[in-house]
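Me: Please go through some of the labels used for this structure and say what each one rests on.

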Amino acid sequence: MGEPNARSEARPSPEPPLRRWRGVLEEYRSFLPVSEATPTVSLQEGATPLLPARRLSERVGAEVWLKIEGANPTGSFKDRGMTVAISKAAEAGTEIVVCASTGNTSASAAAYAAQAGMRCVVLIPEGHIALGKLAQALVHGATVVQIQGNFDTALAIVRDLPGRAPVTIVNSINPDRIAGQMTGAFEIVDVLGDAPEIHCLPVGNAGNITAYWRGYCEYKAAGLATRLPRMFGFQAAGAAPIVEGRRVEEPETIATAIRIGNPASWYGATAASSESGGRIEAVTDEEILEAYLWLAREESVYCEAASAASVAGLLKFGVPGGSSVVCVLTGNGMKDPDLAVGQVSVPASVPAETKSVLDAIGA
């Protein structure tokens, strides 16, 4: 064969292939209620960015990260639980899944049902769903029924359906949804090396705060985290039943994703708060909107309004100086573009000439 020439000797070793992310069900299978018999219905959800928030950290005097859940396939955190719920439904031979929704659940359920070849039925409160989310559900082929009532009424009807029709509920009252949503906590620990000291997130139906707390506890029990965070949950002031200690019959807030007056996971949320030494508080629509716009302009993150409740709460109530903090931003801003348009002014047109453009920008 002869001696290798100088070029062959200088050739670098080939790089190992990049490992492909497989979705949360496969990545965290040992922590989830699945077996070899469970098919994987996935859109490769998860692995969302954990973004250091430099300006927010300076503003609150802490070390803050933003968990950007709007980077999931359908634009919200719901995909984490939906991959597990739909996979388990497929294992059981389900043909129809059903949910009540203020928007994000319907979009996620419709997409994953389509992936599994199932029919998806969605009940939504009339006039109380962002059009971006409704469009997603319809485009994915869901059967959407608007009811003359709020989300809580829709969920009550959904709870009644399995006794009358062969359907599987995929709201967060389904424990498979909570199991999948735990994986957000796993990812945070995997990136940071441990749990943060404080974890902030919006609270609507309260499944997410329940799931994150359970996820942190599971990781600590497995020796993969050394501490547990204090869980800080924030409701919108017009839809704050946990804060008020009573059901809100007519919840109202611009943050449609958390416009819920009787959370299905109420006990889970209060348990997460009390067991962790955390808190559940209310923030006003004005505070949510201020945080929503501030995040877009100062941290370059465009989230939906309900997501900004986590940061609104952090700004309003504060944290001990130097704390490590994760704020979950639950959905993408494109979920509710009408709200964004209402917060900005559309510029007037100018003549198509350089001088007019320079005049318009003050240069």
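**Labels and their cut-offs**

Reply: Ala-47 sits in the loop between α2 (24-27) and β1 (50-52); helices (H or I, at least four residues) and strands (E, at least two) are DSSP runs, numbered from the N terminus. This is a predicted model, in which local features need pLDDT of at least 70, side-chain atom pairs count only at pLDDT 80 or more, and totals for chains, interfaces and linings use all residues. Residues are numbered from 1 along each chain as its sequence is written, and side-chain values use heavy atoms, with hydrogens and water left out.

Me: Why is Ala-47 called partly exposed?

Reply: Its relative accessible area is 44%. Buried means under 20%, exposed over 50%, and partly exposed in between (1.4 Å probe, protein chains only), so Ala-47 is partly exposed. The phi of Ala-47 is near 55°, a positive value in a residue other than glycine. Most residues other than glycine have a negative phi.

Me: What makes Ala-206 count as buried?

Reply: Ala-206 has 5% relative accessibility and therefore counts as buried. This residue lies in the loop between β7 (198-202) and α10 (207-221). Ala-206 is not a glycine, yet its phi is positive, about 75°.

Me: Why are α13 and α14 called roughly perpendicular?

Reply: The axes of α13 (residues 285-298) and α14 (residues 309-317) cross at roughly 105° and come within 8 Å. Axes are lines fitted to C-alpha atoms, for helices over the stretch in contact, and angles run from 0 to 180 degrees between N-to-C directions. Angles under 35 degrees count as roughly parallel, over 145 as roughly antiparallel, 65 to 115 as roughly perpendicular and the rest as oblique. The two helices are therefore roughly perpendicular to each other.

Me: Which residues of α13 and α14 meet?

Reply: Glu-287, Ile-288, Glu-290, Ala-291 and Leu-295 in α13 meet Ala-309, Val-311, Ala-312, Leu-315 and Lys-316 in α14, where contact means heavy atoms within 4.5 Å. Seven of these residues are nonpolar, none polar and three charged (Ala, Val, Leu, Ile, Met, Phe, Trp, Tyr, Cys and Pro count as nonpolar, Asp, Glu, Lys and Arg as charged, and the others, Gly among them, as polar).

Me: What makes α5 roughly parallel to α6?

Reply: The axes of α5 (residues 104-116) and α6 (residues 131-139) come within 8 Å and cross at roughly 20°. That makes α5 roughly parallel to α6.

Me: Why is strand β4 described as largely enclosed?

Reply: Six of the seven residues of β4 (residues 119-125) are buried, so the strand is largely enclosed by the rest of the structure.
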